Amino acid sequence: MPELPEVETVRRGLAPVMEGQVIARALVNRPDLRWPFPDHMAERLTGARVDRLRRRSKYILADLSTGETLLIHLGMSGRMLVSGDPLGRFVHDHPAPEKHDHVVLDMGQGARITFNDPRRFGAMDLMATDGADSHPLLAVLGPEPLGNGFSESYLVSALEGRKTPIKAALLDQKIIAGLGNIYVCEALYRTRIHPARKVNRLSKARLAALVPVVRTVLQDAIAAGGSSLRDFRQADGELGYFQHSFDVYGREGEPCRTEGCADTVRRIVQSGRSSFYCPTCQR
């Protein structure tokens with residue numbers, strides 16, 4: 001599933017052709033994805049101007065001139081594709097419709113935004129903008145890892161006394177919004193913390209050290225265009241390439257990249273997810 005850097009990459013790709021533009025026509029080709037679409041979604045979107053395109057955790061949020069906000073979740077295979085962009089950043093011709101083009105937004109200046117999702121684990125919803133923070137999918141989320149609310153003091157306090165493995169704690173969306181399996185593995189490697197280490201066995205200094213590293217890992221991934229694992233694509237259809245910079249994720253059996261370390265990357269399964277780590281460097 002696309003993680004925070006992938007979603008942020010898509011948001012940045014969509015912003016030039018959506019922000020400030022009117023949705024001239026919305027086409028909804030099925031009644032649902034992971035959940036049913038809201039009533040009359042096509043009619044509610046048509047004619048609305050996109051005032052702002054933002055991200056919360058792994059959700060893209062489009063604030064509309066109608067006082068509603070469109071929530072978009074890419075799911076496991078969802079893609080937002082752009083065609084016909086008059087700015088010349090994407091291909092000019094609209095491609096032929098595909099079987100899994102579930103929602104199509106024709107923008108007033110000529111661009112087309114297509115939400116394609118073969119596995120239909122994605123989602124869209126409409127909600128009042130002034131009450132967006134109370135939406136069931138957003139209300140439970142912790143602070144953004146790239147925002148001011150995610151600080152050393154916050155993380156130490158939020159994790160105090162917990163007996164869960166540190167990886168599970170970092171994946172808890174109520175503690176930190178948007179972190180996923182890939183980048184938690186990378187952050188733990190960079191801070192030399194074993195993914196199975198219990199939180200209450202880590203010093204406050206080691207917990208605090210995670211904050212700047214998490215930020216750097218995410219910023220590196222965003223700058224590199226996100227990861228191209230599975231079906232992720234950037235909005236312009238180009239693959240991301242941050243996976244070439246992974247230190248441990250997906251590198252089971254390969255040499256550790258720490259200078260002077262002769263060990264290899266190992267894999268364990270935690271709560272059904274693969275964790276990659278170096279047993280020598282991470283304690």
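Two strands are said to pair if DSSP finds at least two bridges between them; helices (H or I, at least four residues) and strands (E, at least two) are DSSP runs, numbered from the N terminus. The model is predicted: local features need pLDDT of at least 70, side-chain atom pairs count only at pLDDT 80 or more, and totals for chains, interfaces and linings use all residues. Residues are numbered from 1 along each chain as its sequence is written, and side-chain values use heavy atoms, with hydrogens and water left out.

**First stop: the open sheet.** Select the four strands that form an open sheet with antiparallel pairing, in the order S1-S6-S7-S5. Strand S1 (23-28) and strand S5 (79-83) are the edges, each pairing on one side only. Next, select strand S7 (residues 112-116), which pairs with S5 over five bridges in the antiparallel sense. Here Ile113 in S7 has Val82 standing opposite.

**Second stop: the hairpin.** Move to strand S9 (residues 266-270) and strand S10 (residues 273-277), an antiparallel pair with five bridges. Ser275 in S10 stands opposite Ile268. Between the strands of this hairpin lie two residues, and Ser271 takes a positive phi near 50°.

Select helix H3 (residues 152-159) and helix H6 (residues 204-223), whose axes come within 8 Å and cross at roughly 130°. Axes are lines fitted to C-alpha atoms, for helices over the stretch in contact (heavy atoms within 4.5 Å), and angles run from 0 to 180 degrees between N-to-C directions. Among the residues making the contact are Leu155 and Leu159 of H3 and Leu207 and Val211 of H6.
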